[in-house]
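Me: Got a model open here. Can we walk through it?
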Amino acid sequence: MSTPHVVVVMGVAGTGKTTIGPLLAAALGVPYAEGDDFHPPANIAKMSAGTPLEDDDRRPWLDAIGQWAHSRAGLGGVVSSSALKRVYRDRLRAGAPGVVFLHLTGDRALIERRMAGRKGHFMPTALLDSQFTTLQPLQEDEPGVAVDVSGTPEEITDRAVAALRRLDS
C-alpha cells in the first residue's frame, strides 16, 4: 500500500479477526493490536456470561481502540474490532479519521464451526445470532473492503492485501 493506513479488521465473532489481523500486519509491515485487549473487565465478564454488550458498554472500548488507531496515524497499524454497527465505525473514525475497514465476511455455518473449535475464548457460540442481527455491513461511503473468510488464513490475508491495495489506488 502506498500510504501507511490504520486498518480495522472487523466482522462478527469467529470470522478470524485475531488470526487475520496479525498476518495482515506482518504482510503490511506494521504493528498489530488485539481489539479484545481494549475491553474493560466488565465487558469480558458480561460476554463470558453469554450476555451481549449494549452500546453503553462498547463506547469506552471503541474510544480506546480509536486512541490506539489515532496514535498510529501516518505510521500504519492493524487493529481488530467487531465494529458491527455504522455508529461504532463512525465513533472509531471520529477518534482516528484516516482508518480503513477490512470487513471479514462469511457463511454463518462456517463461522459457527470455527467458533465451536476455539479454546479459551470468552465469546460463546450462543452470541453468534446476536452478532449477525447487529451487523450493518460497510456502506459505500465508508472507506474499506469486504473479504470472504473461506480458505486458509494465508489465502484470506492475500485477498485482504490485494483488496486494500485496490482501495488505495
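Me: Which way do strand 2 and strand 3 pair, and over how many bridges?
Reply: Parallel, over 2 bridges. Strands are DSSP E runs of at least two residues, helices H or I runs of at least four, numbered from the N terminus. Strands pair if DSSP finds at least two bridges between them. A33 has V79 as its bridge partner in strand 3.

Me: Where does the model come from, and how are residues numbered?
Reply: The model is predicted, so local features need pLDDT of at least 70, side-chain atom pairs count only at pLDDT 80 or more, and totals for chains, interfaces and linings use all residues. Residues are numbered from 1 along each chain as its sequence is written, and side-chain values use heavy atoms, without hydrogens and water.

Me: What about strand 1 and strand 3?
Reply: They pair in the parallel sense over 4 bridges. V9 sits opposite S80 of strand 3.

Me: Which residues cover the two faces of strand 3?
Reply: G77 and V79 lie on one side, V78 and S80 on the other, and all are buried. Buried means under 20% relative accessible area, with a 1.4 Å probe and protein chains only.

Me: New topic, helix 1. Which residues are buried there?
Reply: K17, I20, G21, L24 and A25. Viewed down the axis of helix 1, they fall within an arc of 135°, so they line one face. The arc is taken over directions from the helix axis to the C-beta atoms.

Me: What covers them?
Reply: The cover includes strand 1, strand 2, strand 3, strand 4 and helix 7. Contact means heavy atoms within 4.5 Å.

Me: And what comes just after helix 1?
Reply: G29, with a positive phi of about 70°.

Conventions: Buried < 20%, exposed > 50% of the residue type's maximum accessible area, 1.4 Å probe, protein only.
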